[in-house]
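The following note sets out points for a colleague who is about to examine the structure shown here.

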Amino acid sequence: DSLQASRRNVHLRLTLCDAFTARGLAGLARPSSAFGVTHFGRSADLCEAFINTDDPVPSTSLPLRHATNFDVTAAASRASFVPLAGDSLHSWPAAWYGHNLRAVLRSTGALARHAPLGDAA
């Protein structure tokens, strides 16, 4: 909240791909009230979370309260997804996002625009 008060002319967009939301054992024991579920995205102007609900990583499959949530578990392109060696389906949301980035940016407002260095003050 203090971040929002201190910034001028800054638009904060936060994109999370299968974010780990637990903070300590309490977050693992009570995932629906885990820190990330209740806090991630709170200070952003726009927060989007891409999740899948069937990967083996704990505390990554619930929607976030302060985000627009996209469940990509059943996306058609998953049938051809092959995780990197040693990885799991936890990487699927990041892979989906990377493959579909342009469409996601268009659907949530506009393509990202960045100020030249030195102009962001």
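1. Arginine 78 and aspartate 54 form a salt bridge, with their closest N and O atoms 2.9 Å apart. The pair links distant parts of the chain, 24 residues apart. Arginine 78 belongs to the loop between strand E3 (68–71) and helix H4 (92–107), whereas aspartate 54 belongs to the loop between E2 and E3. It should be kept in mind that the model is predicted.

2. The two partners of this bridge fall into separate accessibility classes. Arginine 78 has a relative accessible area of 16% and counts as buried, because the cut-off for that class is under 20%. Aspartate 54, at 42%, is partly exposed.

3. The structure holds two salt bridges. In the other, the side chains of glutamate 48 and arginine 13 meet at 3.1 Å, N to O. Glutamate 48 lies in strand E2 (residues 46–51) and arginine 13 in strand E1 (residues 13–17), so this pair ties together parts that are 35 residues apart in sequence.

4. Is glutamate 48 buried or exposed? Its relative accessible area is 0%, and glutamate 48 is therefore placed in the buried class. Arginine 13, by contrast, counts as partly exposed, at 26% relative accessibility.

5. Most residues other than glycine have a negative phi. Aspartate 18, although not a glycine, has a positive phi of about 55 degrees. This aspartate 18 sits in the loop between E1 and helix H2 (25–29), and it is buried, with a relative accessible area of 2%.

6. Serine 59 counts as buried, at 12% relative accessibility.

7. Which residues line the largest cavity? They are Ala19, Thr21, Ala49, Ile51, Thr60, Leu62 and Leu64. By class, this lining comprises five nonpolar and two polar residues, with no charged residues. The largest cavity contains about 30 Å³ of space, and the structure holds one cavity of 30 Å³ or more. Two of the lining positions, Ala49 and Ile51, fall within strand E2 (residues 46–51), the strand in which glutamate 48 lies.

8. The overall arrangement may be read alongside these local features. The secondary structure comes to four helices and three strands. Along the sequence, the elements follow the pattern α-β-α-α-β-β-α.

9. Some totals for the chain complete the account. Of its 121 residues, 30% count as buried. Among contacts with a separation of 6 or more, 58% are accounted for by residues 24 or more positions apart. The chain exposes about 7700 Å², and carbon and sulfur atoms supply 58% of that area.

Definitions and conventions:
Residues numbered from 1 in each chain as written. Predicted model: local features only at pLDDT ≥ 70, side-chain atom pairs only at ≥ 80, totals over all residues. Heavy atoms only, no water. Helix = DSSP H or I, 4+ residues; strand = E, 2+ residues; numbered from the N terminus. Buried < 20%, exposed > 50% of the residue type's maximum accessible area, 1.4 Å probe, protein only. Contact = heavy atoms within 4.5 Å. Areas by Shrake-Rupley, 256 points an atom, 1.4 Å probe, with all protein chains shown as cover. Salt bridge = Lys/Arg side-chain N within 4 Å of Asp/Glu carboxyl O. 1 Å grid on protein atoms, 1.4 Å probe; cavity = no way out; pocket = protein on both sides within 12 Å on 5 of 7 lines; lining within 4 Å. Points joined across faces, edges and corners; volume = space filled by probe spheres on them. Nonpolar A, V, L, I, M, F, W, Y, C, P; charged D, E, K, R; others polar.
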